[in-house]
Amino acid sequence: MDARIDSRSEEEAVAIRAQLERVLASDNFASGDRQCRFLRYVVESTVDGNASQLNQFAVGIEVFDRDETFDPSTDAVVRVEAGRLRAKLAEYYSSAGVNDRVLIGLPKGGYVASIEFRPDSSSQNAETSSTRSVNNRLAIAALIASVIFASVYFGFFYNPASRSQLNETNASATFLNSGQPQTANSGTAVPPAIAILPFENMSDDSEQEYFSDGITEDIITDLSIVSGMTVIARHSTFVYKGRPVAIRDVGKDLGVRYVLEGSVRRSGNHIRITAQLIDAETESHIWAERYDRELEDVFTVQDDVTRKIVESLQVSLTEFENRNLGHRRTENLQAYDYLMRAQEQFYTFTPAGVAASIKLLQQSIELDPTYADAMAWKSRALVYAFVSGLENSEVDTIEPALDLARQAIELDQSLAMAHASLAWALRWDSRNDDASSAIEVAIGLNPNFADAYLWKSMILSTDVRGDESIAAVRRGMYLNPNYGVTYIFALGRAHFVAGDYEIALQQFERGIIRNPGFLPNHIYKLFALERLGHAAELESARVSLKLTNPAYQDSASYRFYVSELDSHPPR
């Protein structure tokens with residue numbers, strides 16, 4: 001095994017970093033913050049070509065907060081924790097990571113990470129492969145069971161009401177007794193994990209890309225409500241968009257057994273949609289279909305694809321899931337088209353893209369005033385506009401976002417995005433108790449909703465519940481292995497409220513490197529440096545931020561986070 005990464009390709013380095021995040025997001029590391037910091041330090045130093053600097057003294061200083069008087073010969077903390085880290089890695093690779101492509105280790109007697117790329121499963125002993133597959137799926141089952149338990153434990157004691165009502169969390173007896181999700185596929189011991197690759201646009205018009213992307217997103221969303229499956233988030237599967245990929249590699253990279261791929265061709269009012277469900281371990285086709293239909297049948301096709309996947313994988317559905325799996329959208333195709341265009345714009349995460357998304361969503365709602373999905377999405381986009389600094393007026397963002405989310409819930413109480421959007425808007429309206437209740441409903445309705453776990457983490461950290469916040473964002477990272485900068489910020493903020501300022505600072509700096517334009521990481525970097533007493537670095541960071549973003553102190557994010565600091569006393 002190579003101890004150095006100097007000779008690795010850029011693609012391999014990306015795979016190693018992705019594997020590091022997958023390991024850290026696993027249950028094996030859920031309660032080991034210091035172990036997470038230890039592993040991150042040695043792996044990133046190795047990947048960055050700084051392996052020669054890794055020794056007991058460096059680890060003691062950088063990971064365990066020892067000062068320059070640290071003597072490894074009398075203080076065994078690094079040696080002891082290294083043994084524990086090796087045990088955690090062995091536990092991870094014997095359970096959740098049993099089929100992972102990238103193997104990360106810490107050899108005895110050294111502190112340079114060992115990195116190995118597992119050979120293709122086809123070359124391995126069949127019995128070993130089978131055992132690993134069962135173990136992997138059992139680990140996935142345990143993870144899903146914990147999500148479902150949390151959903152059942154917290155319950156669905158929430159009912160959205162008008163803004164004039166003081167309490168947003170009154171129970172809705174009708175909803176509670178209407179067959180909502182209760183348990184996860186109790187008769188199935190090995191729930192399957194699946195990734196939906198972006199459907200390829202085969203249309204002559206390249207501008208139809210949004211249409212194929214929209215169909216992909218709908219299938220992901222539809223399958224995500226099934227508690228007996230693990231469904232990887234859109235953000236993680238769309239990294240493969242436009243790239244030739246081996247299905248086996250996708251399965252290993254994302255930790256799934258099954259992959260759905262397909263294509264869309266649209267010509268006038270005619271569509272051709274193909275879909276293939278593939279076993280990533282054997283690369284054999286489990287189910288395939290081609291649909292030649294009129295555009296008005298697009299929803300029927302999507303519903304059939306989701307049903308065929310569930311049937312092919314022999315997943316049992318609860319009464320709620322069976323009733324709600326599939327089409328609950330608009331009958332107005334133009335309204336649907338606007339929604340898909342809006343999603344394409346929103347995912348650019350640029351000021352222009354978000355502004356365009358909000359306008360398109362409004363057009364969608366005007367065409368169909370009962371379109372709950374469009375309302376929920378506009379609510380989300382408005383909150384993002386406020387958080388990102390695109391719009392600093394709460395009257396123009398948070399208030400209408402709250403109203404839209406409530407309207408969406410009135411139209412469709414089973415729509416997880418509506419409850420999640422309401423939770424996120426309530427959080428920015430400083431109504432954290434109500435936000436907590438709403439986000440639990442969203443997760444209960446959609447146990448594979450990665451962003452809901454992200455928002456849950458942010459809500460928990462507002463309440464200074466650091467350990468729970470860390471666990472929530474790591475759950476989101478598990479479902480969204482190729483997560484974005486907001487997840488990094490949420491993890492840093494969770495560590496900040498837990499009093500782990502050094503770890504938090506590392507996350508904020510990592511987030512700034514990933515996306516220098518994302519303001520919250522800059523803001524909390526200042527807070528962390530201040531808590532650590534790093535006066536010189538704090539002043540330098542302030543000057544740098546002022547140069548790149550002169551109006552940062554006028555942003556809604558800055559004002560909101562500063563107001564919260566009083567409730568986050570130094571630890």
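Visitor: Where does Ser-430 lie?

Guide: Ser-430 lies in the loop between α16 and α17 (432-445); helices here are DSSP runs of H or I with at least four residues, strands are runs of E with at least two, and both are numbered from the N terminus. The model is a predicted one, in which local features need pLDDT of at least 70, side-chain atom pairs count only at pLDDT 80 or more, and totals for chains, interfaces and linings use all residues. Residues are numbered from 1 along each chain as its sequence is written, and side-chain values use heavy atoms, with hydrogens and water left out.

Visitor: Why is Ser-430 called exposed?

Guide: Exposed means over 50% relative accessible area, buried means under 20%, and partly exposed is in between (1.4 Å probe, protein chains only). Ser-430 has a relative accessible area of 58%, so it counts as exposed. Ser-430 also has a positive phi of about 60°, although it is not a glycine.

Visitor: What makes Phe-349 partly exposed?

Guide: The relative accessible area of Phe-349 is 36%, and therefore this residue is partly exposed. Phe-349 is found in the loop between α12 (333-346) and α13 (351-367). Its phi is positive, about 55°, although Phe-349 is not a glycine.

Visitor: How do you know that Gly-228 is buried?

Guide: Gly-228 has 1% relative accessibility, so it counts as buried. This residue is in the loop between α7 (209-224) and β5 (230-231). The C-alpha atoms of Gly-228 and Pro-191 are 5.4 Å apart, although 37 residues separate the two along the chain.

Visitor: Why is α16 called roughly parallel to α18?

Guide: Helix α16 (residues 416-428) and helix α18 (residues 450-462) pack at an angle of about 30°, with their axes 10 Å apart. Angles under 35 degrees count as roughly parallel, over 145 as roughly antiparallel, 65 to 115 as roughly perpendicular and the rest as oblique. The angle therefore makes α16 roughly parallel to α18.

Visitor: Which residues make the contact?

Guide: Contact means heavy atoms within 4.5 Å. On α16 the residues are Ala-420, Ser-421, Ala-423, Trp-424 and Arg-427, and on α18 they are Trp-455, Met-458, Ile-459 and Thr-462.

Visitor: How many residues of the contact of α16 with α18 are nonpolar, polar and charged?

Guide: Six are nonpolar, two are polar and one is charged. Ala, Val, Leu, Ile, Met, Phe, Trp, Tyr, Cys and Pro count as nonpolar, Asp, Glu, Lys and Arg as charged, and the others, Gly among them, as polar.

Visitor: How much of the chain counts as buried?

Guide: Of its 571 residues, 58% count as buried.

Notes. Axes fitted to C-alpha atoms, helices over the stretch in contact; angles between N-to-C directions.
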